[in-house]
Amino acid sequence: MKYWSYLAAKLMAAVALAFWLHRCVQFAFPIPPKNRYGYRPSLFLQDMGFTFAILGVWLVATGLFALVIWDQRRRCRTCLRRLRMPITLGSWSNMMMFGRPQTAWICPYGHGTLKRDDVQLDVQLGAFSTSSWEPHGDDIWKELESCGSREK
Ligand SMILES: [Zn+2]
């Protein structure tokens, strides 16, 4: 819940910033006079400077949303800290035997691990389809003991 609330807060901040930029561009350009039919024509697609300024606002807003999503994907689901220590799992040369290579990031406080496939299938299947979050238990010694029992 904390993870999704943080994403919603960042998205709302990005929307507010984009809306503020849009309003700044609207105030920067003069209001056109009424035409003979009694209404004010829109500046968009009529005034080149205004149209390019709106294009710039749209590009900045798109970049903000992409930055918010990119940053959120690399955060711990429990404590919201940035995930660290990326390691590569698997092997490209033995991909058919052991599966696709992955990159794993861990929370510095041990809350979990994010694994993401290095094969770029996410372009076709969606960005969230190839990454998985695995929460760790509270007792690190229990996990270490289970690792030792697997080797026997
Ligand atoms: Zn954490």
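View 1. The model is predicted, so local features need pLDDT of at least 70 and side-chain atom pairs count only at pLDDT 80 or more, while totals for chains, interfaces and linings use all residues. Residues are numbered from 1 along each chain as its sequence is written, and side-chain values use heavy atoms, with hydrogens and water left out. Cys 79 is also buried, because its relative accessibility is 15%.

**View 2. The zinc ion and its donors.** Four residues coordinate the zinc ion at 2.1 to 2.3 Å: Cys 76, Cys 79 and Cys 107, each through SG, and His 111 through ND1. Donors are N, O and S atoms within 2.8 Å of the metal (3.2 Å for Na, K and Ca); water is not among the atoms, so sites may look incomplete. The donor residues follow the spacing C-x2-C-x27-C-x3-H in sequence. The arrangement is tetrahedral because the angles between the four donor atoms are 103 to 116°. Four donors count as tetrahedral if all angles lie between 85 and 135 degrees. The ideal angle for four tetrahedral donors is 109.5 degrees.

**View 3. Surroundings of Cys 76 and the nonpolar cores.** Beyond its neighbours within four places in sequence, Cys 76 is in contact (heavy atoms within 4.5 Å) with Tyr 3, Arg 81, Leu 83, Cys 107, His 111 and Trp 133. The largest nonpolar core has six residues, namely Cys 76, Cys 79, Leu 83, Trp 105, Cys 107 and Leu 114. Another core lies apart from it and has five residues, including Val 25, Phe 50, Ile 54 and Val 57. A nonpolar core is a set of buried Ala, Val, Leu, Ile, Met, Phe, Trp, Tyr and Cys residues joined through side-chain atoms within 4.5 Å. The number of disulfides is zero, where a disulfide is a pair of cysteine sulfur atoms within 2.5 Å.

**View 4. Thr 113 in strand β3.** Strand β3 covers residues 112-117 and contains Thr 113. Helices (H or I, at least four residues) and strands (E, at least two) are DSSP runs, numbered from the N terminus. Thr 113 counts as buried because its relative accessibility is 9%. Its side chain makes a polar contact with the side chain of His 136 at 2.6 Å. A polar contact is a pair of N or O atoms within 3.5 Å; within protein, one must be able to donate a hydrogen and the other to accept it, and residues adjacent in sequence count only if both atoms are side-chain atoms. Outside the four places on either side in sequence, Thr 113 is in contact with residues including Ala 104, Trp 105, Ser 132 and His 136.

**View 5. Two loop leucines with positive phi.** Most residues other than glycine have a negative phi. Leu 45, not a glycine, has a positive phi of about 70°. Leu 45 is in the loop between α1 (2-28) and α2 (48-73), and counts as exposed because its relative accessibility is 65%. Leu 80 also has a positive phi, near 65°. This residue is in the loop between α2 and β1 (84-89). Leu 80 counts as buried because its relative accessible area is 12%.

How values were computed:
Four donors count as tetrahedral if all angles lie between 85 and 135 degrees; four count as square planar and six as octahedral if opposite donors are over 155 degrees apart and all others between 65 and 115; anything else is irregular. Buried means under 20% relative accessible area, exposed over 50%, partly exposed in between (1.4 Å probe, protein chains only).
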